[in-house]
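Here is a short tour of aromatic contacts for anyone who likes to look at ring geometry. Please have the viewer open and follow along.

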Amino acid sequence: MTSAPGLADLPEVDWPHLSDSDLLERAIAAAPRLAERLPLPAAGQTPQLWRSLSELGALDLTLARIVEPHLDATAILAQAGLDSPDLADGLFGVFAAEGPGARLTATEGEGSTWRLSGSKPWCSLADRVTSALVTAWVSDRERRLFLVEGLQSDASGYRIEPTPWVPRGLRLVQSPTVIFDERAAMPVGDVGWYLTRPGFAWGGAGVAAIWLGGAIGVARRLWQASEHREPDQIALMHLGAVDTAIAGARALLDQVGDEADNGAEGGHAATLASRARQSVHRVAEEVLWRADHGLGPGPLTADEAHARRVADLRVYLRQDHAEHDQVALGTRLRAAGTCPW
């Protein structure tokens, strides 16, 4: 078992080989415990936090994909100066995605009460989370973050729409569309705060740390193959290239984590986090490619843990906006006006 900070009390189980129901229940139970033990981002121990997230991803990406939104919600509520009783015992979700044909609106009523109505796509584990942080439109151009609690105990105004879910990776983390109908909610932060708050960029870099962990898990299978059979020069080439790529990504995450702890904010924080995400994304894709070439079809067809990890990582990586994020980074660099190299 890993010795990464905060993960020492995870049960000694073979995560990739658990039954579906056992994996879900154990991961859901682990989320609040890890939230209590892992440091918050930009609070003095960010490199250690991201190393822990990487090791979590190396253990199992379904586990990490269930835990990560709960950790993100914990950080968001801390930044807003709020607390929730569900943080200790329940599972939190963060429903912030937008999609064509889906729109969730928030309307203020009497006594500062708010109601959410409309549809929200990509609501991961909507049938399991006890509370969620949800973004909703408060005008034609502006969104605001809201806290919705008691989702499993009070279904009024909260309905999961049947949504096709056919992935081979992360198949247990279903992300359906949710229909809200005058569901009560509490605002968190001011209008626009969710995207502009200190810490938004660091949440995205934390996801990248998990991607790196998934890539490390794949790379470890490549290493195991070299222990079972004397590697030829091609296998050694893949090992060397993977080592260099992972070491570089780790070093960059550590550097960006230090910048977060030193108070980087605004556009500078966004630039740092985007560099980290894109670098880790490229490394993860390289590791997948080299594992395919170095291992051949055998592990993909006969090794359940490896085959599932590869499928999980490919789906998880699609949280990235790929070339769109590269355009955004280039635009931000040009706006800064100085060559960064």
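The paragraphs below go through aromatic pairs and then charges over rings.

Keep in mind that this is a predicted model. The count of aromatic pairs comes to five. A pair of aromatic rings is described by the distance of the centres and the angle of the planes. Two of these pairs are set out here, with both values for each.

| Pair | Centre to centre | Angle between planes | Class |
|---|---|---|---|
| Trp 50 and Trp 202 | 6.4 Å | 50° | tilted |
| Trp 122 and Trp 165 | 6.5 Å | 70° | edge-to-face |

Let us take the tilted pair, Trp 50 with Trp 202. Trp 50 belongs to helix 2 (residues 46-59) and Trp 202 to helix 6 (residues 200-228), so their contact ties together parts of the chain that are 152 residues apart in sequence. Are these two rings, Trp 50 and Trp 202, buried or exposed? Both of them are buried.

The edge-to-face pair, Trp 122 with Trp 165, also links distant parts of the chain, 43 residues apart. Here the partners sit in loops: Trp 122 between strand 3 (114-120) and strand 4 (131-137), and Trp 165 between strand 6 (158-161) and strand 7 (177-188). Trp 122 has a relative accessible area of 52%, so it counts as exposed, the cut-off being over 50%. Trp 165, at 25% relative accessibility, is partly exposed.

Now for the charges over rings. Arg 143 lies over the face of Trp 137, 5.0 Å from the ring centre. Likewise, Arg 197 is placed over the face of Trp 193, at 6.0 Å from the ring centre.

Definitions and conventions: Residues numbered from 1 in each chain as written. Predicted model: local features only at pLDDT ≥ 70, side-chain atom pairs only at ≥ 80, totals over all residues. Heavy atoms only, no water. Phe/Tyr/Trp six-rings, centres within 6.5 Å; stacked < 30°, edge-to-face > 60°. Helix = DSSP H or I, 4+ residues; strand = E, 2+ residues; numbered from the N terminus. Buried < 20%, exposed > 50% of the residue type's maximum accessible area, 1.4 Å probe, protein only. Lys NZ or Arg CZ within 6 Å of the ring centre and 35° of its normal.
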